[in-house]
Amino acid sequence: MNIDEQLPVLEYPQPGLDIIKELTSPRLIKSHLPYRFLPSDLHNGDSKVIYMARNPKDLVVSYYQFHRSLRTMSYRGTFQEFCRRFMNDKLGYGSWFEHVQEFWEHRTDSNVLFLKYEDMHRDLVTMVEQLARFLGVSCDKAQLESLIEHCHQLVDQCCNAEALPVGRGRVGLWKDIFTVSMNEKFDLVYKQKMGKCDLTFDFYL
């Protein structure tokens, strides 16, 4: 099985829903859809949801690099233009600000685990233990240590892979590309759109 069939994206036409239906339980399915557009089984608590949020400054840089790397998208605009679209909710999947707040409102649901990308970098052991408890998976100390080591290797590969933009997976990536004026504008938009929400992010470690 290739990765797209083993870990399919719910809303993508390829490999499609037929592949998802053929997978045996427990299935792993990715999605970027807003909470309100997820299948009703998830809303009813019949399936588990792991939501990974990332600070929006690093996210918009990574999202820009991702768009630039795909031939199907072939985005050739500047980062400043892309960032402006992000702040104005004019990219695929709509508003990031609404997306993350909607899942945050469901963080206490018994079938939802809300995680932060920065916490994975800060304390991977604790995050893996959280995941194990949430999924009802038991593992001994040796298995846990082996898993942590494997995850560290994957993180290092993502952060240092030659095929990817330098440092793509690290925390604080935005500082290499944001100008002072862009950062001030972003902070203003962030405060306007997230001001009433108690969700916080680490923008550097």
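## Surface, fold and strand pair

The chain exposes about 13,000 Å², of which carbon and sulfur atoms supply 52%, with accessible areas taken from the Shrake-Rupley method with a 1.4 Å probe, where for residues only the protein chains shown count as cover. This is a predicted model, in which local features need pLDDT of at least 70 and side-chain atom pairs count only at pLDDT 80 or more, while totals for chains, interfaces and linings use all residues. Residues are numbered from 1 along each chain as its sequence is written, and side-chain values use heavy atoms, with hydrogens and water left out.

The chain has 10 helices and 2 strands, these being DSSP runs numbered from the N terminus (helices H or I, at least four residues; strands E, at least two). Along the sequence they follow the pattern α-α-α-β-α-α-α-β-α-α-α-α.

Of the 205 residues in the chain, 39% are buried, meaning under 20% relative accessible area (1.4 Å probe, protein chains only).

Strand 1 and strand 2 run parallel and are joined by 5 bridges, where pairing requires that DSSP finds at least two bridges between two strands. Within this pair, Val49 stands opposite Val112 of strand 2.

| Residues of strand 2 | Direction | Burial |
|---|---|---|
| Val112, Phe114, Lys116 | one way | buried |
| Leu113, Leu115 | the other way | buried |

In a regular strand the side chains alternate between the two faces of the sheet. Strand 2, residues 112-116, is mostly covered, with 5 of its 5 residues buried.

Key:
Buried < 20%, exposed > 50% of the residue type's maximum accessible area, 1.4 Å probe, protein only.
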